Amino acid sequence: MYHVPVMLEECMEGLDLQPGKVVVDVTFGGGGHSKEILKRLPEGKLLAFDQDQDAAKNIEGTDGSRFKLIEGNFRYIKKYLKLYGYAQVDSILADLGISSHQIDKPERGFSTRWDAPLDMRMDNKADFSARDLVNTYREPDLIRVLSEFGEVRNARTLAASIMRERVKKSIDTTAELVNVLEKHAPKGKEFRYYAQVFQALRIEVNEEIEALKEMLEGANDVLKPGGRLVVMSYHSLEDRLVKNFIRAGNFKGDVEKDMYGNPIKPLEAVNRKPIIPTNEEIAQNPRARSAKLRVAKKL
């Protein structure tokens, strides 16, 4: 199993599942959310997305007549739905971030726990890996990635160190990268620091921020009036984008107005504040710790 689905009940409630509706899960992963949607969606249809080829192994237990797994990046949600004959859908769920399954496979290179190739591609067929990034990016681009996507405070110093090390020998594995990071990690907070750097590289390698923006815009286009958008994020970068898009229909968060002064916004927040997991859930599933769930309704 990939992982225990985070805030399962809250996600189901947010989707407002009704008989015969068409629902999209843009992050199939281990299928936890998808299988629960199918259980609670009599006579409805579920379309799920995942760009990770390993995800297809988890479709066992889904009803093939009501379920379709689309092996593609969710950034192309509008294109793929049109391809399969769906101009509009009733609800969309996105559980962002990385699945435990991806972290737990050493050869995928997402974790500092094992010495493995420095990979981090969510789509195994993609050409560009974390190894390529670390060994080819110019220093200003390394600084940008580390500070913007990992909020790494000493991004300049670390980038300079990576540049020096890769001249001696290319940085090919997670352990070789950690050896560079060790010199710069704050005492007592080493693992948090490694996680920040690995997160930054992963986001850049997979173009996660651009993909999220495109998915949100596409989701807004395909949702029926009254339809629900349910998005769970795990770090502030993603949550800020989701919050701004729900609030204003753009990523800056500034609400535009028409010539009469009425706000132009396609969505309305169902919950004023993000929903967070209970202490009980966090105790049972530490992955839920940083999760924030936002639910919106198409106006």
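Start by selecting α9, which gives 9 residues to the lining of the largest pocket, the largest share. Helices here are DSSP runs of H or I with at least four residues, strands are runs of E with at least two, and both are numbered from the N terminus. One caution: this is a predicted model, so local features need pLDDT of at least 70 and side-chain atom pairs count only at pLDDT 80 or more, while totals for chains, interfaces and linings use all residues. Residues are numbered from 1 along each chain as its sequence is written, and side-chain values use heavy atoms, with hydrogens and water left out.

Of its 33 lining residues, pick R192, A195, Q196, Q199 and R289, the closest to the centre. (A pocket is an open set of points on a 1 Å grid over the protein atoms alone, where a 1.4 Å probe fits, with protein on both sides within 12 Å along at least five of seven lines; lining residues have an atom within 4 Å of a point.) Colour the lining by class and you get 13 nonpolar, 12 polar and 8 charged residues.

Next, select Q51, N73, R75, A126 and N206: they lie nearest the centre of the second largest pocket, which 25 residues line. This one holds about 380 Å³ of space. α9 turns up again here, and α10 (208-222) joins in, each supplying at least two lining residues. By class, that lining has 9 nonpolar, 5 polar and 11 charged residues.

Now switch to cartoon view and find the open sheet of 7 strands, in the order β3-β2-β1-β4-β5-β9-β8 with mixed pairing. (Two strands pair if DSSP finds at least two bridges between them.) β3 (67-70) and β8 (267-269) stand at the edges with a single partner strand each, so one side of each has no neighbour in the sheet. From one strand to the next, the twist averages 20°.

Zoom in on β5 (223-233) and β9 (292-298), which pair antiparallel over 6 bridges. Click V231 and look for its bridge partner in β9, R294.

Finally, show α1 (8-15), which packs on the sheet and touches β4 (89-95), β5 and β9. (Contact means heavy atoms within 4.5 Å.) The direction of α1 makes about 165° with that of β5. Last stop: α10 lies across β4, β5, β8 and β9, running at about 155° to β5. (Axes are lines fitted to C-alpha atoms, for helices over the stretch in contact, and angles run from 0 to 180 degrees between N-to-C directions.)

Conventions: Nonpolar A, V, L, I, M, F, W, Y, C, P; charged D, E, K, R; others polar. Points joined across faces, edges and corners; volume = space filled by probe spheres on them.
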